[in-house]
Amino acid sequence: MFMNRFQSGLLKTTLLSLCLSTAGFAAQAETTITAVMHAPLRAVDPVISTAYILRNYGYMVYDTLLARDSQGAPQPQMADWTVSDDGKTYTFTLRDGLKFHDGAPVTAEDAVASLNRWSQVDKTGQVMAALMSEMTVVDDKTFTMTFPEPTGIALIALSKPSGVAPFILPKAAAETPISQPITSTIGSGPFKFDEAAYQPGVSATFLKNEDYVPRTEPADGLAGGKVVKVDKVVWTTMPDSMTAVNAMLSGEIDFYEQIPHDLLPLVEGNPDFTTEMYRKQGSQNLVRLNFTQPPFDNPKIREAALLALGQQSMLDAQVGAGSQYARTCPAVFGCESPYASDYAADKILEPHPEEAKAALAEAGYDGAPVLLMHATDLNNLAPQGPVIGQQLRDAGFTVDMVSMDWASVVARRASKAPVAEGGWNVFSTTNVLPDVGDPIGFIGVAAGGASSWFGWPDVPEIEELRGKLASTSDPDEQKRIGQEIDKLVIDNEVMIPMGEFYNVTVKSASLTGQLDAEAPVFWNMEKSE
Amino acid sequence: MFGFVLKRVLSAIPVLLMVAVIVFLVLRLSPGDPAVMIAGPNATPEQLEDLRTSMGLNRPLLEQLFIWMGNIARGDFGVSLVSGKPVADLVMDRFGPTLALSITTVILAVAVAIPLGVIAAWQQGKWIDRLVMAGSVVGFSVPVFIIGYVLILIFARKLGWFPVQGYRPMSAGFGEFASRLVLPTVTLSFPYIALIARIVRTNVIEVMNEDYIRTARAKGLAERGVLMDHALGNAAVPIVTIVGVSITMLIGGVVVTESVFNIPGLGRLVLEAVLARDYTVIQTVILLFSTIYVFINLSVDLLYGLFDPRIRY
Amino acid sequence: MTFEPDSAVAPNAPLDLPEMEGSGKGGAWQVLRDVLSSWPARISAIVLLLIVLMAVFAPFLGTGNPVTINPALRLQGSSAEHWLGTDSYGRDVYSRIVYGARISLAVGAGTVIVSLVLGIFFGVLTGYFKWADIIVMRFMDGLMAIPGILLAIALVAISGATLTTVLIAIAVPEIPRVARMVRSVILGVRNEPYVEAASILGTGVWKMVWRHMLPNTVAPLIVQGTYIFASAIMTESILSFLGAGVPPETPSWGNMMADGRTFFLLKPELILYPGVMVSLTVLSVNMLGDVLRDRLDPRMAKRL
Amino acid sequence: MNDTPVVLSVEDVTIDTRPAGRKPIVRNITFDVREAETVCIVGESGSGKSVTSMAIMGLLPKDSLQVTGGRILLDGEDVLKVTPARMRELRASRVAMVFQEPMTALNPVKTVGDQIDEVLRLHTKLSAAERRKKVLHMMERVQLPDVERIYRSYPHQLSGGQRQRIVIAMALILRPRLLLADEPTTALDVTTQKQILRLIKELQEEEKTAVVFVTHDFGVVSEIADRIVVMNRGDLVETGTRDEILTHPKEDYTRMLVSSVPSLVPRCDPVPKNPKVMEVIGLAKRYGKKGFTSDSTVLAAQGISFTVRKGEITGIIGESGSGKSTVARCVMRLTEPSEGAVVLNGQDIVPMHNLRAVRKQVQYIFQDPYRSLNPRRTIGQSLMEGLVNYGVPEKEASRKAAETLEMVNLPAHVMNRYPHQFSGGQRQRIAIARAVVMEPSLLIADEAVSALDVTVQAQVLRLLEDIRTNTGVSILFITHDLRVAAQICNTIVVMQRGRIVEQGPARDVLAWPTHDYTRALIDAAPAPDWDFQNFRPVERAV
């Protein structure tokens, strides 16, 4: 029994190594991109997880019905659409030549099943499902979505680029309950997943899908033709960023998705490498207060926290002082989004310890310690705790900063209990800008009390406005509502924006053609010898 | 002999049972659960609850413990809570690199340390002895990862003799395999060379005071013969012991070395599993290490019999 | 072969008592003097003393607050204000090094105390009482079979990264080793004639353990204590490296190295300064331990 | 005066510690050894006799001892001046050595055949087959049985006597001119000792080997010596032929040394029919337990019955493995008896749970005075411990301890000292004081004088007798040495392989032994016919 396992393991290793060695020998004939991604791939369900590495995986293996171009406008990808004149019925038609990796054609049934599963998980999807009256398969290539009211949600949702994107799975896989991760890796995307070479947590290999028929339009953002120009993409992870940079410098890898900003001087100015920043892949820092526990159940004390915090220190600690890879931004939905607003900019951007102290005094803050959760094991989050802690302390808060790994933060933030019983007061995290820029999908602004994201703010006006926004299709009206939400979020301190920063991708100079998109995608990329 | 082995194997069962219980409790009492790690940062509470139920994490602790132990008794190590892959496969995938690294490290450490220790013992009090001893103290006073960084800097980056990182199995060609193992092996073996060399020295010196060494000298045997023929043979038991201890201690260094050199071994697997609260993986790997520990101790005991005819089982 | 100069001069006539240097109580002083008679030990003792003084008088050594961050001034070189520059949070490296001595010494000493106290307790229990031996030693065996560093990582993950947790996490794997050592000494000494003599004289259990058995563990425990001390400091740095160490804010040398590793190529001194401190401390303690071992118990190595 | 060639000539040799101590540890020793002659170097511990023999072999530890003066001529060649290589050549081929401890003198991880063979490998060019033949032949000459099997055996598989024969075979296989034997029989039982001595003598006569025999035991000396060299604390006291030294020692020290040697002549009469202090009835001790696979029990003692009366000194005599110590420990319940009764002052102590009352009545004196005192406690603390345990106030205990110390001829002010500041004899006195201060009715002395030099041994024996006379305590005296028993015991119990073979008044048992084993023991005792105290042969009472 044990022996069998062992042998199968050996066999697997042998197979893997054969693949790798052929890769080594056949370098001329075959082009391989070796990429160090920001996180290891350990699971293969791109729908139930909001982990960004799974989104990236999804773009390799799966395809989406619609996609956004570099301007953010929804474009057809797998499907084209028509809208009925009353604006209530959307008809989607799958284009020709779509095939899953196992050879089966992609049908409307697959699409509907996939969208159903997705809309159970994704916030935007949930809103869409709530507004929708029905989704019907018309024939193999066609399905319709019907809404009681005219709305633009269908196109926004189906082209959602990040968070959980609505990838199209085969029907069988799509019917898996969301409580159960799928293990199938059959998609219809431009790359095939090499199951044999997959080592969870270590490496994942994607082979060019020779049967993929790209759209004819040129690639633009996530839209347009997904033309694969290499034979193979290997994702690996390196637990130690020094190792990754060393490996980059000695030519062992081609692509480093997120180099720590502090290590940039090692590659900048070196003609063998290019560094690139993709604004759409930027992130927003946010601080979240727990509305259900003292002291932040008191609005005045929440305001003191808002006053205490400022953005520049945090960004300095994350990417280095005066770095071009970060900027302060008072907008809840990000400064690149259509909803960008500079409401209360000064209050948000700069720390105001004196005013915060005054607010605290006014609120009668008793000096009870505020429990700040500090995640230590993620590069982007590690600097946040100390900065927030110090700013709060400077403003007269008593801060009890508890350092833990991200898993513990995630577990503890779910607790609504008082601090003494395992609860919390403050935590911080980051979200990518595409997610942040979507008032419907952005979890940071949901304010439905107990049902909203950890911290559980309860501001009914915000929920009302978000509902209204979802059923609006007029861009100007959308913008107005969005800015209204921004104001309410800040006034109630639903979340506190802490600035935007941009990860930098380092590539070997032979690698060209990466698209400016919301996610790092590998089609259109070329590797010269 | 057979009876002895049987007895020792049987006596390992309660030890491993104890390990299983300790590890299980330590893990399950820790905050965080794999459901949140699977569902990602923005999952809803309901979704998490469903996931937990489907993974069996909502059952009473004791029930989970018994289910797990029952499965293990049947040879079923379960599936990884995060990747959904069978744990046995994951572990086997990662076993090769760790095994390779451990074996080369032990070989290098023993091959370097024993001559060093013997020379130091022979030249006791002379400069070479002092040098070896001082070196050995320095050997355990520098953290492994610093040694690793320095070696990478010199031998991979500046001289370009070896790759910076990674692992290739033997089947990818010996050169591929060996070139990537050199630096990690040297890094990891540092403290063990230091440790083993000093134990060899101490024991050889101690043996050199024994009456039978005097007898050997009285026969007219030269010092080199005394050292190699008589002293080393008698110091073998403690040397074997310390080599055994070194192997069982190796894992701490392995975790670090695998991180520094990006070797996809068990150390990294377990570290990642801890961060992701992938209970089944952590439990299995620790149980595996404990089994190896027990097995190594048993082998060491059996080796005693090989080196010392007085020990019979 | 050993020649006892003692026996060469020991007289047998009843009243011809040899004058021995030092009184019996001077035993400890004698050991200290012997140990300090060697140069490496002397230097090690001085280095350790300096580190201890540094820890004790940290606030008076021109240090600032070691946890105050100032991201605008990160990664500065040495200056009049920041003697050793600043780290990636703009904290003063010199102050962190100096305060770091407190943490490292606390980790070392704390681990030694915890593991020795519990180790002695279990060792005596299992060495003296057969019933306890069977139960407790099984538990100890189990604990020993778990790789210490993994246990430590898991323990830190349980209770969160605090100094106490880390200390316990480092100490727990040491307990079985100490317990085994104490147990073996107690078992060995049980049949010593003087222990039997005491039992014949009606000495009770605890008096017996305290007076006649435990003193025999002192020498090996001192030696083992130095090893535990040194390895605790090392383990702390490794745990920090693996992200399971004391809270990142805390100025510990391990943390500083773990933080500094990103800058290994750019600003190697960030890892070098704390690295040198750790190595110096561990080196000194190991060196003292070695000399002590040679002085107290040449056979110690066998029981390691 | 003698024309046989001189093999070894030690001339004015001085050996000093390195770095030099206050006084060299061997000073200006001179003596000769001729072909086929046996010279015994006699002295107490610390006399420098072993160091002298090591110097002859060139085996002094280089970093701690060195010869600072004189010459050591071996067949005219000064071994102090030869090169190390030449010295190695001489060893085993010209001068060989037999050591005291056969248990440790052989390498435990090599077969004994291989270890003898090594000598031939080093010094001859014989082929493997020739060497083997020669080794087997030599093994036969040292009267080993079943030589083929023993050739393949490891040292731990052989008895002490067999190992010593191996060492002798190793020493003599190259027919060296000189054999140095450093206390070669001290660790052996008397019967084995006798055989080994005879063997050395025989081989010596065949090969005309010169023998230097280092020993502390005048009994052995009187058996084998042609000439005797007496050493004391590094000085040569006197040399002379055996008869000169034994009958007319010139120096006081020699006189004292010789007269301290106990002889087999029993000195004590049975005590009158005093009340019984202790009666042992049918005592048995079984070691080990029955396991699943094998029955590994060993019967260490069985059917032991004897009586100790008030004021009586009862000796239990036997060789190693006879079970005599087991009996002593069972009587104290330091070891739990398996069967039988031990009636102490009318009470059977075997079934008792609380031993406190018993322990006060019986006290024990251990063999090794270096290990029976806690090195970390002062003499006073050790002496008072028992009293304080039994509720005597500190002051009172201290006073009693001081008194008892004076009783064993130690000044009361040594109470504050630690054991390491005393010599072996002094420590044994302290151990005796610690037992006596408890005012027991029975003292058990387990080989209490075996580790002591003869002169000290005599003093301690006298002390024990005095204590018996003054306090009326009974003593159970365990020893392997018939001669010591003869000095002090009223009654003797002889044990062999766990059983009593003979018991009775000392005079009767020693003079008219009825059991073969007792007779064998008496025969094997060195110099049974010499009355050392009186410097003359024993007058046999008929």
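Student: What should I know before I read the numbering and the values?
Tutor: Residues are numbered from 1 along each chain as its sequence is written, and chains are lettered from A and ligands numbered from 1 in the order in which they are written. In this predicted model, local features need pLDDT of at least 70 and side-chain atom pairs count only at pLDDT 80 or more, while totals for chains, interfaces and linings use all residues.

Student: Which pair of chains has the most contacts?
Tutor: Among the five pairs of chains that touch, chains A and B have the most contacts; two residues are in contact if their C-beta atoms, placed from the backbone, lie within 7 Å.

Student: And how far apart are chains A and D?
Tutor: Chains A and D do not touch, and their nearest C-alpha atoms are 31 Å apart.

Student: Turning to chain C, at what angle do α3 and α4 pack?
Tutor: Helix α3 (residues 39-56) and helix α4 (residues 93-128) of chain C pack at about 110°, with axes 7 Å apart. Axes are lines fitted to C-alpha atoms, for helices over the stretch in contact, and angles run from 0 to 180 degrees between N-to-C directions. Helices are DSSP runs (H or I, at least four residues), numbered from the N terminus. The two helices, α3(C) and α4(C), are therefore roughly perpendicular (65 to 115 degrees).

Student: Which residues meet there?
Tutor: C:Ile51, C:Val52, C:Met54 and C:Ala55 in α3(C) meet C:Val98, C:Ala101, C:Arg102 and C:Leu105 in α4(C).

Methods
Parallel < 35°, antiparallel > 145°, perpendicular 65-115°, else oblique.
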